[in-house]
Amino acid sequence: MDVFLTKFNSSQSSSTLRNNSSHLIDEFDEKLLNPDPGERVPIDKYSPRIRDEVRRHYIQNGPCKPVDYKFPKTLFRNKMHKFSPGWFKNSYSRWLEYSVKKDVAFYLCCYLFKNDNVHGSTGDSFTKTGFKAWNKASERLALHVGQVNSLHHKYFNKMLDLSNQSQSIQVAFDKQSEKQRNEHRIRLNASIDVARFLLYFELSFRGHDESDSSKNKGLFLGLLE
């Protein structure tokens with residue numbers, strides 16, 4: 001298995017990893033996950049063992065939305081057009097993102113879950129190349145989204161499911177952590193109370209035999225129990 005897996009080397013560029021199809025990235029490093037969608041390593045280049053971890057990172061950070069960025073203009077049929085930040089505020093807000101590096105738009109949910117072996121009529125190739133036909137952006141976005149049973153909706157629902165799962169795990173972890181903190185606090189307070197009692201009356205803490213099988217472990221352990 002090690003033949004097919006390699007650790008992510010920070011000296012390797014994203015383009016190198018994109019073209020190296022014989023190895024998978026087997027080590028999760030949040031600092032090396034590129035926020036610009038045009039520079040990201042494809043999900044299928046990560047080992048299946050860490051793919052959901054990578055997906056959770058991007059879901060938590062949300063789509064790349066450089067709202068304050070001065071979007072460049074491109075000439076389309078004798079008119080200048082550019083990406084509109086207003087598109088971030090409508091129904092596309094949870095998955096539409098923009099690459100400053102490449103001046104193209106991408107779809108976060110499709111990047112996270114697209115199966116490269118599946119090709120539909122909703123513009124799946126844009127997952128890799130993005131699109132920048134700003135003069136027809138609304139039409140292209142609507143075409144990509146398609147109907148409720150489209151591939152886009154399928155990937156978007158998967159993104160929501162993984163997001164909810166991650167939140168549920170975190171809530172459960174927080175509850176468990178709070179329970180453990182309360183139990184530690186109870187034990188600590190009990191130990192302090194017993195120690196203060198023994199010190200006040202100048203009594204001995206230890207017993208001759210403090211093993212689990214002992215019937216007389218001493219005053220400290222006896223009172224604590």
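**Exercise 1. Find which residues touch the most other members of the largest nonpolar core, and trace the elements that supply this core.**

Solution. Begin with the core members: of the 36 residues in the largest nonpolar core, Tyr46, Phe83, Trp95, Leu96, Leu112, Trp134 and Met159 touch the most other members. Next, look at the elements. At least two residues each come from helix H2 (51-61), S5, strand S6 (104-107), helix H3 (108-113), H5 and helix H6 (151-200). The biggest share is that of H3, which gives six residues. Finally, take Leu112 and set aside its neighbours within four places in sequence: Leu112 is then in contact with Ile43, Arg55, Tyr58, Ile59 and Met159. As background, nonpolar side chains tend to be buried together in soluble globular proteins.

**Exercise 2. Decide how far to trust each part of this model, using pLDDT.**

Solution. The protein chain averages a pLDDT of 79, and 79% of the residues score at least 70. Where pLDDT is low, the predicted coordinates should not be read in detail.

**Exercise 3. Work out how the buried and exposed residues of H5 are arranged around the helix.**

Solution. First list the buried residues of helix H5 (residues 137-145): Ala137, Leu141, His144 and Val145. These cover an arc of only 95° around the axis, so they lie on the same side of H5. Then turn to the other side of H5, where Glu139 and Leu143 are exposed. Last, step past the helix end: Gly146 follows H5 and has a positive phi, near 65°.

**Exercise 4. Classify two aromatic pairs and say which parts of the chain they tie together.**

Solution. A search of the whole structure finds 18 aromatic pairs. For Tyr107 and Phe131, the ring centres are 5.9 Å apart and the planes are at 20°, so this pair is stacked. Tyr107 lies in strand S6 and Phe131 in the loop between helix H4 (126-129) and H5, so the pair ties together parts that are 24 residues apart in sequence. Both Tyr107 and Phe131 are buried.

Phe205 and Phe220 are stacked too, at 5.7 Å centre to centre and 20° between the planes. Phe205 lies in the loop between H6 and helix H7 (219-224), and Phe220 in helix H7, so the parts tied together are 15 residues apart in sequence. Phe205 counts as partly exposed because its relative accessibility is 29%.

To widen the view, one aromatic cluster includes Tyr69, Phe83, Trp95, Tyr107, Phe131 and Trp134.

**Exercise 5. Locate the rings that Arg40 sits over, then examine the positive phi values of Arg77 and Glu202.**

Solution. Arg40 lies over the face of Tyr58, 4.5 Å from the ring centre. Its charged end also sits over the ring of Tyr111, at 5.3 Å from the centre.

For the second part, recall that most residues other than glycine have a negative phi. Arg77 has a positive phi, near 50°, and is found in the loop between strand S3 (74-76) and strand S4 (79-81). With 69% relative accessibility, Arg77 counts as exposed. Glu202 has a positive phi of about 55° and lies in the loop between H6 and H7. Glu202 is exposed, with a relative accessible area of 74%.

Conventions
Residues are numbered from 1 along each chain as its sequence is written. This is a predicted model: local features need pLDDT of at least 70, side-chain atom pairs count only at pLDDT 80 or more; totals for chains, interfaces and linings use all residues. Side-chain values use heavy atoms; hydrogens and water are left out. Buried means under 20% relative accessible area, exposed over 50%, partly exposed in between (1.4 Å probe, protein chains only). Helices (H or I, at least four residues) and strands (E, at least two) are DSSP runs, numbered from the N terminus. The arc is that of the directions from the helix axis to the C-beta atoms. pLDDT is the predictor's confidence in each residue, from 0 to 100. A nonpolar core is a set of buried Ala, Val, Leu, Ile, Met, Phe, Trp, Tyr and Cys residues joined through side-chain atoms within 4.5 Å. Contact means heavy atoms within 4.5 Å. Rings of Phe, Tyr and Trp (its six-membered ring) pair if their centres lie within 6.5 Å; planes under 30 degrees apart count as stacked, over 60 as edge-to-face and the rest as tilted. A charge sits over a ring if NZ of Lys or CZ of Arg is within 6 Å of the ring centre and within 35 degrees of the ring normal.
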